Amino acid sequence: MTPPPDPAEPLAPTPSQTVGPFYGYALPFAKGGDLAPAGHPGTITVHGYVYDGAGQPVPDALIEIWQPAPDGSRHGAPGSLRRDPVNGAVLGRDGPAFTGFGRVPTDADGHYVFRTLPPGGVPYLSMIVFARGLLHHLHTRVYLEDAAGDALLGSLEPGRRATLVATPDGEGVHRFDVRLQYDGVHEETVFLAFD
């Protein structure tokens, strides 16, 4: 039997107490940013950069989005993480299915891209950010337009509100940058707490 640790000796940090990232190896999957079925005429693109408190891009963040289908349904379709039955390798999505879930890593420039369908019933995509230095992931929303009457947007002063609204970046393209901290020029993105 192993004796209990000596209280005078410091314990080694556990993964949740270190800055990582530990998720980059197994969590991204093939076509993780392609939520819209291939060739769908209503496809939109949501892209942007993740910046740290010094205004530098974060090249090793992981971004997830969750959203309802265009008809407002929230059950999605199974199949985001289809696996090869022989070796268990992730094959990616079932091409024609809309799952409402996407996950992508940022590239070396801190950039991410999702191709999806407009959400039905709500004017936003739910986003989760995992990044180095974060002991817990961050929740936010990506509003595709400044939605009048939205309770969350209505509760924020204009500068903070703007951090949740994507900017048009071409036909069917929306840019949404995530700022993990105020960098002296740009406001920190509004993050949400869930109890």
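**Close-up views of a predicted protein chain**

**Figure 1. Overview of the chain.** Of the 195 residues of the protein chain, 40% count as buried (under 20% relative accessible area; exposed is over 50%, partly exposed in between; 1.4 Å probe, protein chains only). This is a predicted model: local features need pLDDT of at least 70, side-chain atom pairs count only at pLDDT 80 or more, and totals for chains, interfaces and linings use all residues. Residues are numbered from 1 along each chain as its sequence is written, and side-chain values use heavy atoms, with hydrogens and water left out. The chain holds 2 helices and 11 strands (DSSP runs numbered from the N terminus: helices are H or I, at least four residues; strands are E, at least two). Their order along the sequence is β-β-β-β-β-β-β-β-α-α-β-β-β. Among contacts with a separation of 6 or more, 67% join residues 24 or more positions apart (contact: heavy atoms within 4.5 Å).

**Figure 2. Strand β1 and its partners.** Strand β10 (residues 173-175) runs parallel to β1, with 3 bridges. His47 faces Arg175 in that pairing. Strand β11 (residues 178-179) also pairs with β1 in the parallel sense, over 2 bridges. Tyr51 stands opposite Arg179 there.

**Figure 3. The Trp66 and Phe101 rings.** The whole structure contains 4 aromatic pairs (rings of Phe, Tyr and Trp, the last by its six-membered ring, with centres within 6.5 Å; planes under 30 degrees apart are stacked, over 60 edge-to-face, the rest tilted). In one of them, the ring centres of Trp66 and Phe101 lie 4.5 Å apart with planes at 50 degrees, so the pair is tilted. Trp66 sits in strand β2 (residues 62-66) and Phe101 in strand β5 (residues 101-105), 35 residues apart. Trp66 is partly exposed, at 42% relative accessibility. Phe101 is buried, at 9%.

Figure 4. Tyr124 belongs to strand β7 (residues 124-130) and Tyr143 to strand β8 (residues 138-143), 19 residues apart. Tyr124 is buried at 14% relative accessibility. Tyr143 is buried at 0% relative accessible area. The charged end of Arg141 sits over the Tyr124 ring, 4.0 Å from its centre (NZ of Lys or CZ of Arg within 6 Å of the ring centre and within 35 degrees of the ring normal).

How values were computed: Pairing = 2+ DSSP bridges.
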